[in-house]
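This briefing goes through one protein model, topic by topic. Keep the sequence and the 3D view at hand while reading.

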Amino acid sequence: MDLLLQRVVDGAGNGCVYAALALAIVLVFRTSGVVNFAQGEMATLSTYLVWFLLTWDLGIWAALLVAVVAAFVLAAVLERTLIRRLDIGDHLSMVLVMTGLYTLFGALALLLFGSDGRPMPSLFSEGSVRLSAVHLPFATIGALAALAAVGAALALLFRSTKLGLGLRAVAQNRDSSALAGLPIGRLLATGWGLAAGLGALSGVLVTSLGLYLEPGLMLPVLVYAMASATLGGFDSPVGAVACGLLLGVCESVAVGYLPFIGTEMTLAVPFAVMLAGMVLRPAGLFGKASVRRA
């Protein structure tokens, strides 16, 4: 039982990273109707910016704040200059463009910073809290606290501010929002910017859990995040967070208790859980089935 609880705790830390990136993917999809396959590579670039700022003796939290702001600006500019000019109804073109951006950002990270892994300081203190026979690392506690704080801030934004209400209106019906006089362009750019800021946080959380910074850092995370967003329902931020944590725990428990799942097979876990969930509930565990009148 103690081993199971330890596996759950370990998986919760990884699940926070998956949940943060899944939440970013859902934000982009809800505001603009686009599935951003490049979200992981954008997060990797933001994490490299944090590393670069650390070489200038900036603190890790200050560097993260600068990277979040820079990611926000980059994503907003990208939306205004490129994404807005595309037809979101042409799904094939959107997939090709997002795949191209994924390749571009990945190649840019490799060109600017090379392929060597780089150590990154953690956002949180080293060590752990011992609860009976279970060790709860400070990094896991910090990741859970960061995810909870971001979730609460976004909930407050969307429910209690004019900006949040505008974003919700655009997500529900863009044409009606435009007729009501809402600044659609600025709201769409803001949605992309918020998602990129979340991606920057997820990238630093990954390195805070012990991984080295290198090109392709966020590729496995992107797989889990996509599975989390799909399983939770692409229209549900709560579902993205809950399913991200669920997949993190399932991955940790599966690796510990299923001997045929090694390091090379861990990516099979999110797909297995996602397929099982989609069979039981095609709209996602927290999603709403779309209804069309004949």
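A helix here is a DSSP run of H or I with at least four residues, and helices are numbered from the N terminus. Leu3 lies in helix 1. The model is a predicted one.

**Overall build**
- The protein chain contains 11 helices and two strands.
- Read from the N terminus, its elements follow the order α-α-α-α-β-β-α-α-α-α-α-α-α.

**Inside and surface**
- Of the 294 residues in the protein chain, 45% are buried.
- The accessible surface of the protein chain is about 14,600 Å², and 68% of this belongs to carbon and sulfur atoms.
- Among contacts between residues at least 6 apart in sequence, 73% join residues at least 24 apart.

**A nonpolar patch**
- Leu3, Leu4, Val8, Tyr257 and Leu258 make up a nonpolar patch on the surface, with about 390 Å² of accessible area together.
- Helix 1 (residues 2–32) gives the largest share of the nonpolar patch, three residues.

**Cysteines**
- A disulfide is a covalent bond between the sulfur atoms of two cysteines.
- The structure has zero disulfides.
- Cys16 is in no disulfide, and its nearest cysteine sulfur, that of Cys243, is 14 Å away.
- Cys16 counts as buried because its relative accessibility is 0%.
- Cys243 is also in no disulfide; the nearest cysteine sulfur belongs to Cys250 and is 9.6 Å away.
- Cys243 is buried, with a relative accessible area of 2%.

How values were computed: Residues are numbered from 1 along each chain as its sequence is written. This is a predicted model: local features need pLDDT of at least 70, side-chain atom pairs count only at pLDDT 80 or more; totals for chains, interfaces and linings use all residues. Side-chain values use heavy atoms; hydrogens and water are left out. A disulfide is a pair of cysteine sulfur atoms within 2.5 Å. Buried means under 20% relative accessible area, exposed over 50%, partly exposed in between (1.4 Å probe, protein chains only). Patches are made of residues with over 30% relative accessible area and no salt bridge: like charges are joined within 9 Å, nonpolar side chains (Val, Leu, Ile, Met, Phe, Trp, Tyr) within 5 Å. Accessible areas come from the Shrake-Rupley method with a 1.4 Å probe; for residues, only the protein chains shown count as cover. A salt bridge is a side-chain nitrogen of Lys or Arg within 4 Å of a carboxyl oxygen of Asp or Glu. Contact means heavy atoms within 4.5 Å.
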